[in-house]
Amino acid sequence: MIEKPIFIIGCNRSGTTLLFRNLSEHPDLWSLYVESQVVFHSQFPVDPLDGERVSGPVEPSAQSAIRKGLYQQAHNKEAFQDRPILGQVPPRFVQRPLNRLYKPPVIRLVEKTPANSLRIPLLVETFPDAHFIYVVRRGEAVVSSLMEGWKLWNRSPAGEPFSFRKWHYLTPPGWQEYTEEPLESICAFQWIESNRFAHQDLEALASSRYLLVRHEDLVEDPASEYGRIMRFCGLRESGYFDRVIARANARAYTTGGSAPRRDKWKQIHGAEIESIRDRLAPVNQLFYGGD
């Protein structure tokens, strides 16, 4: 059974992996340590029209299968890190084969799958006591990073322009209308729709149970931001987790693409993103105002 799960919500390349990896190291939280696409796609495969959007109502059997799948696949490599003697056991030894020995019947899960930005109604219905951490990042940076990833997945012969082969990252409704669009337009569509659905659904269905976190703030002041997150989630103080956060800025997780750096988008995709920047402006304004 899963109680008070913590779902990290946000578009791909918004900094959700950094937060997820760090929170997964809190000794009281269980995690799959990877995204949960298989669990959700087993019940809700990508739809030709609606993509990965799930707006409900949802059959009880599907809800039960999701709860069971997440519980069964979750483990906790850091469970003993705050205990004087057991804390000396290297986390790599506390893996799935052993977690049956200490896995309780009720766990608290932290989970991150970017497509869940499109599934808030499903999550609220399936986990009515869930907490949501909604991570946002400026559109220019996200679109540029998405473009890097798309280019890696859709490798074209040297010197040839990008050519669509297969959809990657989250899949909003209407995605098939974008398969012949320029890459920057595809990525802008993903970022805009991810945030549109996430924001409207969280406001409508879980307004008191979500915390907005700006990725830029998390990177600039991790101690303050993680303190805010821990208070929101009701997580206890942990010496081990304090050490994790102390080195948070040294950790950068990018699956495909180059290392992060300030205003990187201007250097590698400046012209393309300038051409669609007006489409990003309303969402940037919503979360950043005049900053």
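Predicted model: local features only at pLDDT ≥ 70, side-chain atom pairs only at ≥ 80, totals over all residues.
Residues are numbered from 1 along each chain as its sequence is written, and side-chain values use heavy atoms, with hydrogens and water left out.

My search of the whole structure gave nine aromatic pairs (Phe, Tyr or six-membered Trp rings with centres within 6.5 Å; planes under 30 degrees apart are stacked, over 60 edge-to-face, the rest tilted). One of them joins W150 and W167 edge-to-face, at 5.4 Å centre to centre and 90° between the planes. W150 sits in helix α6 (residues 139–153) and W167 in the loop between α6 and α7 (183–205), so this pair ties together parts 17 residues apart in sequence; helices here are DSSP runs of H or I, at least four residues.

How accessible is W150? I found 0% relative accessibility, so W150 is buried. W167 also pairs with W175: the centres are 5.5 Å apart and the planes at 65°, so I noted edge-to-face again. W175 is buried, as is W167. Ring pairs link W150, W167, W175, Y178 and F189 into a cluster.

Last, I checked charges over rings (NZ of Lys or CZ of Arg within 6 Å of the ring centre and within 35 degrees of the ring normal). K77 lies over the face of Y33, 4.4 Å from the ring centre. R196 lies over the face of F197, at 4.4 Å from the ring centre.

Technical notes:
Helix = DSSP H or I, 4+ residues; strand = E, 2+ residues; numbered from the N terminus. Buried < 20%, exposed > 50% of the residue type's maximum accessible area, 1.4 Å probe, protein only.
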